[in-house]
Amino acid sequence: MDTSISVTNGSKLQISQFILMGIPGIHEWQHWLSLPLALLYLLALNANILIMITIQHEPRLHKPMYQFLGVLAVVDIGLATTIMPKILAIFWFDAKAISLPECFAQIYAIHYLFCMESGIFLCMAVDRYVAICHPLQYPSTVTKAFVFQATGFMILRNGILTIPVPTLAAQRSYCSRNEIDNCLCSNLGVINLACDDITVNKFYQLMLAWILVGSDMVLVFCSYALILHSVLKLNSAEAMSKALSTCTSHLILILFFYTGIIVLSVTHLAEKKIPLIPVLLNVLHNVIPPALNPMVYALRIHELRLGFQRLLGLGEKVST
């Protein structure tokens, strides 16, 4: 008998671990993906750590916009680290087994950090909205206390509302199949192995996606619509350009993040016909944004770019 299945109560079979099979359709050569994925992971770690150190080191970056960016860097590191070590272990060492508690913990971490990223994007959108549409109220409204309270609220909101996802998955009975055609513990991939009804699981997953992340997305795009409306009313082309430049980097990453979620949702509908696509997109959506975010901010935000250069000892070259 497979060691991942144990007998309980004399006759009932109960799975003790899952087997992550990797990316469906390309099992034979999926190890070739390990190099680009490892490079993306290292880039995400180093770039986000650099952002955190730069914001901490530079007094001029001790502003709400950059503080939210520092929180986003922490979330990005967590999101990439939640899945990448296990994926690389599967590709390099064929370490496909994962215990049920570890799998449910990964499900929780992925959902929590995804929702945290969405929440921080909302906080950053509110910050830019107040700065551009209500500049006189900005210093008294968006303070350090506001950053702390908004971040704390997002931590509590996402921490509490994502608990039922792994809890409901853990309550299911897994008594036959234990092979997940994925390289990470996705909630839908796991609960589809259950022997009992998973209607409640699917309903809560859908509710979490559309109510929590969906409401964040609507509020984010409403904020930027109001920002655009306010900017277009400015008489000065220079003021308009300056206002837009502070939002462009945020908008690029927000569009990429939410577009990725929408594409993932759509591709899951065609999972039975082309299982490779949603699995690969799921992996990439966990590692590309953490690697991309610091690069976009470094290229688009002048003060942050100068902070990088001073931290790396290029300050003298910049000032000449």
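Select tyrosine 112 first: at 19% relative accessibility it counts as buried, because the cut-off for buried is under 20%. The model on the screen is a predicted one.

**Stop 1: the tyrosine pair**

Tyrosine 108 has a relative accessible area of 26%, so it is partly exposed. The structure holds 10 aromatic pairs. Tyrosine 108 and tyrosine 112 form a stacked one, with 5.9 Å centre to centre and 5° between the planes. How many residues apart are tyrosine 108 and tyrosine 112 in helix H3? They are 4 residues apart, which means a separation of about one helical turn. An α-helix has 3.6 residues a turn, so residues three or four places apart point the same way.

**Stop 2: the whole of H3**

Now select residues 100-133, which make up helix H3. Its 34 residues reach 49 Å from the first C-alpha to the last, close to the 50 Å expected at 1.5 Å a residue. Is H3 mostly covered or mostly open? Mostly covered: 27 of its 34 residues are buried.

Alanine 131 is also in helix H3. Alanine 131 is partly exposed, at 21% relative accessible area. Alanine 131 and methionine 65 are 66 residues apart in sequence, yet 9.7 Å separates them in space, C-alpha to C-alpha.

**Stop 3: an aromatic cluster**

Select Phe114, Phe121, Phe221, Phe257 and Tyr258, which form one aromatic cluster.

**Stop 4: asparagine 293**

Go to helix H10 (residues 276-300) and pick out asparagine 293, which lies in it. Asparagine 293 is buried, with a relative accessible area of 4%. Which residues does asparagine 293 touch, not counting residues up to four places away in sequence? They are Leu72, Asp76, Glu117, Phe121 and Leu253. Phe121, one of these, also belongs to the aromatic cluster.

**Stop 5: helix H1**

Select residues 34-57, which are helix H1. Among the buried residues of H1 are Ser34, Leu37, Tyr41, Asn48 and Ile55. To see what the buried residues of H1 pack against, display H2, H10 and helix H11 (302-311).

**Stop 6: aspartate 94**

Move to the loop between helix H2 (64-93) and strand E4 (97-99), where aspartate 94 lies. Aspartate 94 is not a glycine, but has a positive phi of about 55°.

**Stop 7: H6 against H8**

Finish with two packed helices. Such a pair is described by the angle between the axes and the distance between the axes. Select helix H6 (residues 164-171) and helix H8 (residues 199-232), which pack at an angle of about 170° with their axes 10 Å apart. H6 is therefore roughly antiparallel to H8, because angles over 145 degrees count as such. Which residues make the contact? From H6 they are Pro164, Val165, Leu168 and Ala169, and from H8 they are Val200, Asn201, Tyr204, Gln205 and Leu208. Colour them by class: the contact of H6 with H8 has 7 nonpolar residues, 2 polar ones and no charged ones.

Terms used: Residues are numbered from 1 along each chain as its sequence is written. This is a predicted model: local features need pLDDT of at least 70, side-chain atom pairs count only at pLDDT 80 or more; totals for chains, interfaces and linings use all residues. Side-chain values use heavy atoms; hydrogens and water are left out. Helices (H or I, at least four residues) and strands (E, at least two) are DSSP runs, numbered from the N terminus. The expected span of a helix is 1.5 Å times one less than its number of residues. Buried means under 20% relative accessible area, exposed over 50%, partly exposed in between (1.4 Å probe, protein chains only). Axes are lines fitted to C-alpha atoms, for helices over the stretch in contact, and angles run from 0 to 180 degrees between N-to-C directions. Angles under 35 degrees count as roughly parallel, over 145 as roughly antiparallel, 65 to 115 as roughly perpendicular and the rest as oblique. Contact means heavy atoms within 4.5 Å. Ala, Val, Leu, Ile, Met, Phe, Trp, Tyr, Cys and Pro count as nonpolar, Asp, Glu, Lys and Arg as charged, and the others, Gly among them, as polar. Rings of Phe, Tyr and Trp (its six-membered ring) pair if their centres lie within 6.5 Å; planes under 30 degrees apart count as stacked, over 60 as edge-to-face and the rest as tilted.
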